[in-house]
Protein chains: 2
Amino acid sequence: MAQKTRERILQKALLLFNEVGFIEVGVREIARELEISPGNLSYHFSKKEDILFALLKQFSEQNSKLYNEYFLAPPNNAQFLTLISRIFDCQYKFRGVYIGNQFVQAEIKNEDRFDYASIAAKRAASFKKIFEDLHLAGQISVTAEDISFLVAHITLFGRFWISEATLFNKSPDKAQVIKHYVSLLSKQLSLFATEKGTNSIDDFWSKSS
Amino acid sequence: MAQKTRERILQKALLLFNEVGFIEVGVREIARELEISPGNLSYHFSKKEDILFALLKQFSEQNSKLYNEYFLAPPNNAQFLTLISRIFDCQYKFRGVYIGNQFVQAEIKNEDRFDYASIAAKRAASFKKIFEDLHLAGQISVTAEDISFLVAHITLFGRFWISEATLFNKSPDKAQVIKHYVSLLSKQLSLFATEKGTNSIDDFWSKSS
């Protein structure tokens, strides 16, 4: 039961952070929306930052799961674009506490509880391996310099597309927004794709539309 | 004299916004650093937001000047990369009030004084023209779809590289940071460059290093 309340708090908080913004939402508002007492809420989370860290943990875990799943199957461009779509979906879900979000970044800056830099380094290493594997699998044809470029590109792009999407509120339709940004990454990948790799990209799009 | 004080306030405010952050710095601190009275400061700017808008105006004007200068000369890839370097330099200078900065974005969200969306649209249109010109000049070889991709890429990249650089504080050396991000864009451009265009890119780097 306590576990259920804790999860309800996290879900409601994320909803409010997504809709209203992390800075603007207070713990009292979260409690009021859930029709629980502030005391009950503080039994689970003594301050708003604790909610933030719990959500960041969920976000990070869900992301890690996606990477792990990717590495179980043989690499190809379609699989890669599927991974990207899933990561984007996860970022969208957690956009209110997304770490590329500078509000959130400012909150965690002075804390030791969430090591953003090492997570970012881990993700960059994953992408390096992903592109190396795609090269070995004959999906893309790249030099070491190309891989550095692609990793730099995807880490910046993958971190800030959600900021751009939010900034201009381009489309309220989640699926459409994600499709737009995945198609930009797909185009980038296609610049390095072999014939086999191009077919795999086409395959991804024929299945996703 | 009043004009001089106004300019001194803007310079000091930008310095503090860059170093400490827009949210954290108050008008009292700006006045104290300048060794003027809060009353004297408020004679020029009645609130912090007024300073923000004055700085955004300067930033936007300096940027517009760079685009205008670019369009005076015949287009080539080296000129284009020179433009990018100058824009990045300008963004770096104004990073504390940079509009891709979500703190600043939140501040101007409800104001009619700075129309970010229309400036962004204007910049995107400029980049479309730049790539069309480079194509006509035989510097790059692109389809209409490639141009859309390059415009989408450069607007996201050009908006958020400074956020990424600040987030990780990658290097305290401005020239090195800018060089890193210009080289990523240069690489992107090279994927579409003709032989003539590739020479022009090489030309840019031989002159800049």
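User: Leaving aside its neighbours within four places in sequence, which residues is A:Thr5 in contact with?

Analyst: Apart from neighbours within four places in sequence, A:Thr5 is in contact with A:Asn40 and A:His44. Contact means heavy atoms within 4.5 Å. A:Thr5 sits in helix H1 (residues 2–19) of chain A. Helices here are DSSP runs of H or I with at least four residues, strands are E runs of at least two, and both are numbered from the N terminus.

User: What should I know about the model before reading on?

Analyst: This is a predicted model, where local features need pLDDT of at least 70, side-chain atom pairs count only at pLDDT 80 or more, and totals for chains, interfaces and linings use all residues. Residues are numbered from 1 along each chain as its sequence is written, chains are lettered from A and ligands numbered from 1 in the order in which they are written, and side-chain values use heavy atoms, with hydrogens and water left out.

User: In chain A, where is confidence lowest and where is it highest?

Analyst: pLDDT is the predictor's confidence in each residue, from 0 to 100. Where pLDDT is low, the predicted coordinates should not be read in detail. Chain A has a mean pLDDT of 88, and 94% of its residues reach 70 or more. Confidence in chain A is lowest in helix H6 (residues 102–108), at a mean of 72. The highest value in chain A belongs to helix H2 (residues 27–34), at 95.

User: How many helices and strands does chain A have?

Analyst: Chain A has ten helices and zero strands. Its pattern along the sequence is α-α-α-α-α-α-α-α-α-α. The C-alpha trace of chain A spans about 60 × 35 × 30 Å along its principal axes. Now take chain A contacts with a separation of 6 or more. Residues 24 or more positions apart account for 71% of them.

User: At what angle do the axes of H5 and H10 of chain A cross?

Analyst: Two packed helices are described by the angle between their axes and the distance between the axes. Axes are lines fitted to C-alpha atoms, for helices over the stretch in contact, and angles run from 0 to 180 degrees between N-to-C directions. The axes of H5 (residues 77–93) and H10 (residues 195–208) of chain A cross at roughly 45 degrees and come within 7 Å. That makes H5(A) oblique to H10(A). The classes are roughly parallel under 35 degrees, roughly antiparallel over 145, roughly perpendicular from 65 to 115, and oblique for the rest.

User: Which residues make the contact?

Analyst: H5(A) brings A:Asn77, A:Ala78, A:Leu81, A:Thr82 and A:Ser85. H10(A) brings A:Gly197, A:Thr198, A:Ser200, A:Ile201, A:Phe204 and A:Trp205. By class, the contact of H5(A) with H10(A) has five nonpolar, six polar and no charged residues. Here Ala, Val, Leu, Ile, Met, Phe, Trp, Tyr, Cys and Pro count as nonpolar, Asp, Glu, Lys and Arg as charged, and the others, Gly among them, as polar.

User: What is the phi of A:Glu35?

Analyst: Most residues other than glycine have a negative phi. Phi of A:Glu35 is near 55 degrees, a positive value in a residue other than glycine. A:Glu35 lies in the loop between H2 and helix H3 (38–44) of chain A. With a relative accessible area of 74%, A:Glu35 is exposed. In chain B, B:Glu35 has a positive phi of about 55 degrees. B:Glu35 is in the loop between H2 and helix H3 (38–44) of chain B.

User: Which residues of chain A does the "DNA-binding region" annotation cover?

Analyst: The UniProt record, an unreviewed entry, puts it at residues 26–45 of chain A. UniProt positions follow the numbering used here, feature names are shortened, and annotations may be inferred rather than shown by experiment. In the model, the span of residues 26–45 is 75% helix and 0% strand, with its end C-alpha atoms 12 Å apart.

How values were computed:
Buried < 20%, exposed > 50% of the residue type's maximum accessible area, 1.4 Å probe, protein only.
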